[in-house]
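Please keep the sequence and the structure open side by side as you read.

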Amino acid sequence: MNRLTPFEWITALRFLKEGRMQTIFIVTAVAIGVAVIVFMSALLASLQANFIKRVLTSQPHIQLIPPDEVARPLRQPGSGHILAAIVQRPAQRIRSIDQWQKIRDQLSTWPEIVTVSPTMTASALAVRGDASRSISLTGIDPEVYFRIVRIPDYIVAGQPRVQTDDIVIGTDLAKELGVTLADKINVSAASGASRILTVTGLFDLGNKGANLRTTFVALRTAQALSNLVGGVTTLDLTVTDVYAAESVAQAVQAATGVEADSWIRTNAQFFTAVNAQKTSNTLIRLFVGLSVAFGIASVLVVSVIQRSKDIGILRAMGTSQGQILRVFLLQGGLLGFLGSVVGAAAGGSAVVFWHGILRQADGSELFPLVLEPSLFISAVFLAVMTGVAAAAVPALRAAKLDPVVAIRG
Amino acid sequence: MADDTPVLRLEGVCKSYNIGTPVEVEVLHDIELELGRGEFVALIGPSGSGKSTLLNIIGLLDRPTKGSLFIDGQETNRLDDTAITGLRGHSIGFVFQYHYLISAFTALENVMMPLLVERNFPTDDMRQRAAGLLAQVGLTPWQDNLANNMSGGQQQRVAIARALAMNPALVLADEPTGNLDTKSADTVFELMQQVNRTNGTAFLLVTHNMELARRCHRIVEVVDGRIVTPGSASASASA
């Protein structure tokens with residue numbers, strides 16, 4: 001018995017130590033439960049972080065686009081007449097965002113916005129010899145745009161250089177057209193304008209469709225090909241908090257009058273999948289937590305029965321009901337604590353192990369390792385609380401034992 | 001508290017079970033009993049006579065249906081559970097037929113337990129007092145043994161030391177020798193008498209052994225829930 005250790009702690013620890021096999025079994029059960037929770041949570045967080053990283057390094061957080069053109073019927077119904085008009089939606093031609101420079105300068109001062117990049121997108125035809133492929137032409141200011149979409153990270157040959165007569169294309173388009181670095185291709189835009197451009201870089205975005213269609217040219221080149229000199233079709237933004245993108249988009253739309261789409265809205269399906277994963281993970285946690293709680297409770301119920309004489313004698317010696325209650329609550333908390341420490345360590349180790357084993361074809365990691373200390377702290381805290389809560393019923397039963405009945409057995 | 005205050009006084013104590021039901025039964029009837037300081041009294045009676053019920057009421061483990069119980073001059077009927085628990089811890093020691101030591105603790109820790117319950121933190125004083133009590137019952141060499149690793153007689157001696165830990169005015173012993181062989185029973189009984197003489201602790205000893213009962217200061221007999229011999233303290237009786 002150490003000095004400065006209260007009666008409840010000494011007794012709870014001794015009871016656990018004496019019932020060593022029971023203690024080991026239930027600590028193991030708690031540890032397995034906590035390990036499953038920690039492993040699943042860490043894995044889910046890692047995969048989610050990986051997906052978000054991939055999504056957010058290949059698209060802007062918010063995209064500003066010009067409002068749709070709408071038809072405005074000139075003829076109005078006269079007094080006492082009803083006009084049954086059929087208004088046809090006009091075809092959407094490529095248009096520039098009105099006063100985009102002013103909007104860019106305005107948004108650049110917002111603290112929640114990190115980068116504003118003007119871009120010009122248009123459809124075109126890439127032609128080389130007899131081969132031609134339709135492409136999406138993206139005119140960019142590389143210095144700003146590459147801060148949003150990390151094309152340099154995906155370059156597999158050449159450089160991400162886009163000067164006036166340069167073009168950066170995907171590996172699959174290069175194969176289809178039979179071109180390589182420094183080769184020239186003829187780009188004809190839908191406007192009728194065409195230009196000979198030199199391939200300066202090849203990228204691989206990991207998606208054949210994207211590698212076939214996406215191309216990058218200088219902003220002024222795209223503007224010239226689209227007959228939209230000085231104009232931009234989109235303003236791409238990144239924000240400080242990616243999860244606040246939707247609220248920032250709404251604020252931008254309110255402030256500028258330009259339609260703003262956040263990555264959250266354009267990737268709604270992703271969030272549906274994440275929410276489904278979260279729900280299933282929560283359910284698994286709940287059921288694992290319940291099984292841990294019932295395990296602890298059953299062990300303590302048996303312990304109360306086994307120790308009823310001890311409890312009776314302690315009560316006869318002047319131990320209060322509160323002290324008996326605390327002895328058993330502490331046992332529940334200690335079982336939860338011991339099990340969760342072991343389980344958190346095991347769960348964390350399992351994630352590290354799988355992270356080391358699971359690799360992509362190129363040897364890079366399949367998912368980034370996300371092990372937040374808060375996950376371990378909350379797992380231990382919740383397990384301790386579960387242990388204490390699970391111990392409540394047996395502890396109350398122990399505290400309420402009639403000492404006469406308990407001693408008599 | 002004046003020295004002539006009895007450590008125990010019962011006035012018209014009754015105990016009934018199943019109160020208010022058709023099967024209500026009164027097991028103790030109008031008990032009058034008094035124990036002076038330093039008395040060593042035997043409580044005898046046939047099985048089912050109400051001895052254990054009486055002992056539980058005296059030990060504040062149960063409450064009387066009627067009548068008053070005074071421990072060390074303090075009337076206990078109006079005390080709440082917390083006060084009853086405190087009074088029980090301070091003023092009464094228990095020795096049971098089966099020692100009921102806590103198997104998770106050593107002999108020394110079992111003796112320290114009432115002190116630990118009271119003061120919460122173990123101190124050197126506590127340890128010294130427990131060691132002293134174990135020395136008094138002749139168990140110093142076994143003080144670090146777990147209770148389970150000791151003989152029945154040794155365990156009962158540890159139980160006596162534990163009962164004395166809080167230096168109570170009264171020790172209630174419920175057939176403490178009933179489960180021991182003759183030699184061990186005699187050793188334990190002599191030990192209690194020695195404690196009674198040395199510490200002045202009053203003992204109320206429930207026993208079926210008339211030989212031991214006759215060695216007490218006086219005998220109180222319970223038959224069918226009534227005391228059939230006078231309950232007042234005898235003037236003097238020596239062990």
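## A leucine in a helix

A:L396 counts as partly exposed because 16 C-beta neighbours lie inside 10 Å; buried takes 20 or more other C-beta atoms within 10 Å, exposed 12 or fewer, and partly exposed falls in between, with C-beta atoms placed from the backbone. The residue sits in helix α14 (residues 373-399) of chain A. Its C-alpha is 6.0 Å from that of A:L325, although 71 residues separate A:L396 and A:L325 in sequence.

## How to read the model

This is a predicted model, in which local features need pLDDT of at least 70 and side-chain atom pairs count only at pLDDT 80 or more, while totals for chains, interfaces and linings use all residues. Residues are numbered from 1 along each chain as its sequence is written, and chains are lettered from A and ligands numbered from 1 in the order in which they are written.

## Two positive phi values

A:N227 is not a glycine, yet its phi is positive, at about 55 degrees. You will find A:N227 in the loop between α8 (219-225) and β9 (234-239) of chain A; helices (H or I, at least four residues) and strands (E, at least two) are DSSP runs, numbered from the N terminus. With 14 C-beta neighbours inside 10 Å, A:N227 is partly exposed.

B:E175 has a positive phi near 45 degrees, and it lies in the loop between β7 (170-174) and α6 (182-199) of chain B. Is B:E175 buried or exposed? B:E175 is buried, because 20 other C-beta atoms lie within 10 Å.
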